[in-house]
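Have it open while you read.

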Protein chains: 2
Amino acid sequence: MSAPPSTSLPLSRASVLTAQKVVTPLVHRTPVFTSQTLSELLPGKNTLYFKAENLQKGGAFKFRGASFSLSQLTQDELARGVCTHSSGNHAGALALAARDRGAKCYVVMPNNSSRPKIEAVQAYGAEITFCEPTASARASTLASVQARTGATFVPPYDAVNTILGQGTALIELLEQVPEPLAAVIAPVGGGGLLAGTALAADGTQVRVFGAEPAGADDCAQGLREGKRRVEVRANTIADGLRTPVGLLNFPIIQQKVEKVIVVSENEIIEAMRLMWERLKIIVEPSGAVAFAAVRSKDFQALGINGPVGVVISGGNIDLSKPLPWTDTTQ
Amino acid sequence: MSAPPSTSLPLSRASVLTAQKVVTPLVHRTPVFTSQTLSELLPGKNTLYFKAENLQKGGAFKFRGASFSLSQLTQDELARGVCTHSSGNHAGALALAARDRGAKCYVVMPNNSSRPKIEAVQAYGAEITFCEPTASARASTLASVQARTGATFVPPYDAVNTILGQGTALIELLEQVPEPLAAVIAPVGGGGLLAGTALAADGTQVRVFGAEPAGADDCAQGLREGKRRVEVRANTIADGLRTPVGLLNFPIIQQKVEKVIVVSENEIIEAMRLMWERLKIIVEPSGAVAFAAVRSKDFQALGINGPVGVVISGGNIDLSKPLPWTDTTQ
């Protein structure tokens, strides 16, 4: 059996463009929103272009990486299916992308995952194996699923194809905006989206920034210390950003991202509420982190004079619960 | 002073096309959404194309009618400003459209209007005069504002230009969908949107349907009885649809709309929740009524075999309150 061709693609803008050609017929070309009101709230009054990946299939940018990863599998591999471990958006995205390709999908989920996320993965036809909510239980359960099925592991962020796929959101955004962007900002958890965005911007005039919750700021800390932190003690409402930044992802961010801006829980919730009220779209906490960062003094101090792209990473939120700004128990 | 040219436009598809040319540079070309999941929930599995006027400027289709109405005023009239009475989306839309044109806007609002709606109108720079929440107080207060300012009254639905402006949403939708629509469905309150939609579809193959809450079904009743009901005892969560259908609007609907489908409060709330969860956009109760109707047995019994356009009328909702499906006090 030959290795999937994917492993040979270099981590470069050219590869992101290749990925873009592949995923264009598979993914939603998500809309780009502007809001005069939101732009004018900023001291610098930069025009903001919001790339609405919350409106992507599966409700998050993750569908891009999953679709591209699947596209790079051989027929043999596809026939055996794909697997992953995830309690979040990647599981749903992979399940959906696999269904679109007629491939089987096996997902290992911690047994404390939220019901809507479990139901979404089930609705997309994936087979779930539950495990204890620890990293070692995840890994060993996934290994046994792989041994049983022969399915290919599609990692949530720490993989070349995942990173390249996520980078296609910026390529699309650059095609959609009517003027050159001065900067783009994307949230960072595992770093698939931010590393992909940085690769996609490589060699352009677009400055790239990351945004991270103070309650899970391992990437910002690692950048300050010049060394990736391998663990994070996450305490943030932004549940998509609680993972430590990946091995492949960190050096790309180190080389190509100008700064990772850290925001507080209150800033995240305020940004999220403004986006719901003004853009009229459903943004999950992680999806509001980039806009929260744009509103921060740290970002405004950069003196960026021009339009800014803001990536809204996802919109998967449990709507049966109180909204965070009305939730007094939080 | 010459009469505004507006009064001479006939109520026809050609006039809606004229309005479309005028408003295109003024309004958002709102996105059109599809959802495989939502389409497959239907027995007929019709592809649904959701026209997202909740993402229109001001958060509702009303901005179209307001913009077109303003465009038809003389310079003299513009200089004196515009006025209206409204507790809802029309007030915000007119205030915003007037601000865009640099014209003054005077809004008469009942003194029990909700705070977010008052704040929106104020934020768009309109001058508010409060009155008692009765039809006669509204009319007399508006008359005194007009006497004092010379402002031109822009009615919320019962006016030629308002109707023509609202009809442009369907013209846009027809340009955006990749296949011919078999039908389109829009909610009916005062009937500006539905009458405009019916005119816009005139002479095409698109069948036109209305959707109305059972708690304010004066239009459906009037159609059955062959006579417009001039009053409605509204009791519905769909606050944008509580007004009786207008004088100009009713005969257009009578002649050109195949059926107005009536839905219950539960059906509205269920449809709204599905749209929030699946389309990831914020839809107000009125904005979910057309989709609720599409899901009903009455609509499915029509046996429509083809894609259906569903107009999402607006997304203005008080997000500080519990969502209707979690609100046990409702």
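How many residue pairs are in polar contact across the interface of domain 1 of chain A and domain 2 of chain A? The rule finds seven, both residues at pLDDT 80 or more. Keep in mind that this is a predicted model.

## Two domains in chain A

Chain A splits into domain 1, made of 5–60 plus 159–312, and domain 2, which covers 63–153. Taken over C-alpha atoms, the centres of domain 1 and domain 2 of chain A sit 24 Å apart. The contact draws on 26 residues from domain 1 of chain A and 13 residues from domain 2 of chain A. Between them, domain 1 and domain 2 of chain A bury about 1,600 Å², with 58% of it on carbon and sulfur atoms. On the domain 1 side, Lys57(A), Gly58(A) and Asn161(A) supply 24% of the area buried against domain 2, more than any other three residues.

Charge pairing shows up here too: the count between domain 1 of chain A and domain 2 of chain A is four salt bridges. There is also a salt bridge between the side chains of Glu53(A) and Arg64(A), at 2.8 Å from N to O. On the side of domain 1 of chain A that touches domain 2 of chain A, α1 (13–23) and α8 (160–176) of chain A each put in at least two residues. The largest share of that side, eight residues, comes from α8(A). By class, that side of domain 1 of chain A has ten nonpolar, ten polar and six charged residues.

## Where chain A meets chain B

Now for the contact between the chains, which takes 25 residues from chain A and 25 residues from chain B. Chain A and chain B bury about 1,900 Å² between them, and 59% of that is on carbon and sulfur atoms. In chain A, the residues losing the most area to chain B are Lys280(A), Ile282(A) and Leu319(A), which together make up 32% of what that side buries.

How many salt bridges are counted between chain A and chain B? The count is zero. Polar contacts do turn up, though, with eight residue pairs found across the interface of chain A and chain B, both residues at pLDDT 80 or more. Helix α12 (residues 265–279) of chain A gives the largest share of the side of chain A that touches chain B, namely five residues. That side of chain A divides into eleven nonpolar, nine polar and five charged residues.

## An enclosed helix in chain B

Why is helix α3 (residues 62–71) of chain B described as largely enclosed by the rest of the structure? Because nine of its ten residues are buried.

Leu94(B) is buried, with a relative accessible area of 0%. Leaving aside neighbours within four places in sequence, Leu94(B) is in contact with Ala66(B), Leu70(B), Val82(B), Cys83(B), Thr84(B), Cys105(B) and Val154(B). Phe63(B) is 31 residues away from Leu94(B) along the chain, yet their C-alpha atoms are separated by 6.7 Å.

## Arg138 in chain A

Back in chain A, Arg138(A) is found in helix α7 (residues 135–149). Which residues does Arg138(A) touch, not counting those up to four places away in sequence? They are His85(A), Ser86(A), Ser87(A), Val108(A), Pro110(A) and Cys131(A). Thr84(A) and Arg138(A) are 54 residues apart in sequence, with 9.4 Å from C-alpha to C-alpha.

## Two lysines with positive phi

Most residues other than glycine have a negative phi. Chain B has a pair of lysines to check against that. Lys45(B) has a positive phi of about 55 degrees, and Lys280(B) has a positive phi of about 60 degrees.

Lys45(B) is in the loop between α2 (36–40) and β2 of chain B, while Lys280(B) is in the loop between α12 (265–279) and α13 (289–295) of chain B. Is each one buried or exposed? Lys45(B) is exposed, with a relative accessible area of 51%, whereas Lys280(B) counts as buried at 10% relative accessibility.

How values were computed:
Residues numbered from 1 in each chain as written. Chains lettered and ligands numbered in written order. Predicted model: local features only at pLDDT ≥ 70, side-chain atom pairs only at ≥ 80, totals over all residues. Heavy atoms only, no water. Contact = heavy atoms within 4.5 Å. Buried area = accessible area lost by both parts, 1.4 Å probe. Polar contact = N/O pair within 3.5 Å; in protein donor to acceptor, adjacent residues only side chain to side chain. Helix = DSSP H or I, 4+ residues; strand = E, 2+ residues; numbered from the N terminus. Nonpolar A, V, L, I, M, F, W, Y, C, P; charged D, E, K, R; others polar. Buried < 20%, exposed > 50% of the residue type's maximum accessible area, 1.4 Å probe, protein only. Domains from an automatic or database assignment.
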